[in-house]
Amino acid sequence: MAGGLFDPAHDPGSPHHKALEDITAALQDPKAAEQLQDYRNFLVFEVEMCDTEGTPTADLEHRIQKGSGGENQTPYYVATGASLAAAYRIKETFGQYQGGMSLAVFDEAFSKLSVATCHSCIEFLKNIQLQLVVAAPDEKYATMAEVMDEIVWVTREGGTVDIEVIYIKPEMRAMLRSDNPYRHASGTAEFLHEPV
């Protein structure tokens, strides 16, 4: 039996004695402490992309080397969403979702994504039951209105700040979807293609 990880460090017979001494010494050296605090020195992450049949098509490293800005950003939104859903312990039981408030906050989000990819990312995040708060510039209004429930306009003029809240009702969402050239003519949530 090896014993517990936190056996007394002063016990020279502990298999963790040397490791605990090294960690204690490293924490007293700022440069060594930085290395200990950076998870990338101990863990390796990979994202594998698959087609709709589940066949692997690329990995994140390959995509980053060859992809556009939007193609490089997309896997991070998927990974962030999946990580948050796991951290919030969102789960479905008998058709009901359970978990915390499941808040996901993005600043200047989806800026390099096409309209179709932006909508797909947002819909994915909402489908896994995350509550999104997205800060975006005014020019993204047309892109975001179709997939948001509320839009809060914040306008500043000098020392005055005006706030206006717009609620997107299902009828308005359906109208926006029907006018979206990247969706099927039927107005479903599937996109025809990525814009060229």
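**Exercise 1: a helix and its end**

The rule here takes 1.5 Å times one less than the number of residues, and helices (H or I, at least four residues) and strands (E, at least two) are DSSP runs numbered from the N terminus. A quick word on the source: this is a predicted model, where local features need pLDDT of at least 70 and side-chain atom pairs count only at pLDDT 80 or more, while totals for chains, interfaces and linings use all residues. Residues are numbered from 1 along each chain as its sequence is written, and side-chain values use heavy atoms, with hydrogens and water left out.

Task: find out which residues in α5 are buried, and what follows this helix.

Step 1. Buried means under 20% relative accessible area, exposed means over 50%, and partly exposed is in between (1.4 Å probe, protein chains only). By that rule, the buried residues of α5 include Ala116, Cys118, Ile122 and Leu125.

Step 2. After α5 comes Gln129, with a positive phi near 70°. Most residues other than glycine have a negative phi. Gln129 sits in the loop between α5 and β6 (131-135), and at 30% relative accessibility it counts as partly exposed.

**Exercise 2: the core**

Task: work out which residues have the most contacts inside the largest nonpolar core, and which element gives the most to this core.

Step 1. A nonpolar core is a set of buried Ala, Val, Leu, Ile, Met, Phe, Trp, Tyr and Cys residues joined through side-chain atoms within 4.5 Å. The largest one has 20 residues, and Tyr77, Phe106, Phe110, Ile122 and Leu132 have the most contacts inside it.

Step 2. Two or more residues each come from α4 (69-87), β5 (103-107), α5 (115-127) and α6 (141-145). The top giver is α5, with 4 residues.

Step 3. Now zoom in on Phe106. Leaving out residues up to four places away in sequence, Phe106 touches Tyr77, Thr80, Leu125, Leu132, Val133, Val134 and Ala135, where contact means heavy atoms within 4.5 Å.

**Exercise 3: ring pairs**

Task: say how many aromatic pairs the structure holds, and describe two of them.

Step 1. Rings of Phe, Tyr and Trp (its six-membered ring) pair if their centres lie within 6.5 Å; planes under 30 degrees apart are stacked, over 60 edge-to-face, and the rest tilted. The structure holds 4 such pairs.

Step 2. Tyr77 and Phe110 have ring centres 4.6 Å apart and planes at 35°, so this pair is tilted. Tyr77 is in helix α4 and Phe110 in the loop between β5 and α5, 33 residues apart. Both Tyr77 and Phe110 are buried.

Step 3. For Tyr141 and Trp153, the centres are 5.2 Å apart and the planes at 35°, so that pair is tilted. Tyr141 is partly exposed at 31%, and Trp153 is partly exposed at 24%.

**Exercise 4: charges**

Task: find which residues are linked in a network of salt bridges.

Step 1. A salt bridge is a side-chain nitrogen of Lys or Arg within 4 Å of a carboxyl oxygen of Asp or Glu. The whole structure has 2 of them.

Step 2. Asp149 meets Lys126 at 3.9 Å, N to O. Asp149 also bridges to Arg173, with the closest N and O atoms 3.0 Å apart.

Step 3. Put together, Lys126, Asp149 and Arg173 form the network. Arg173 is buried at 14% relative accessibility, whereas Asp149 is partly exposed at 46%.
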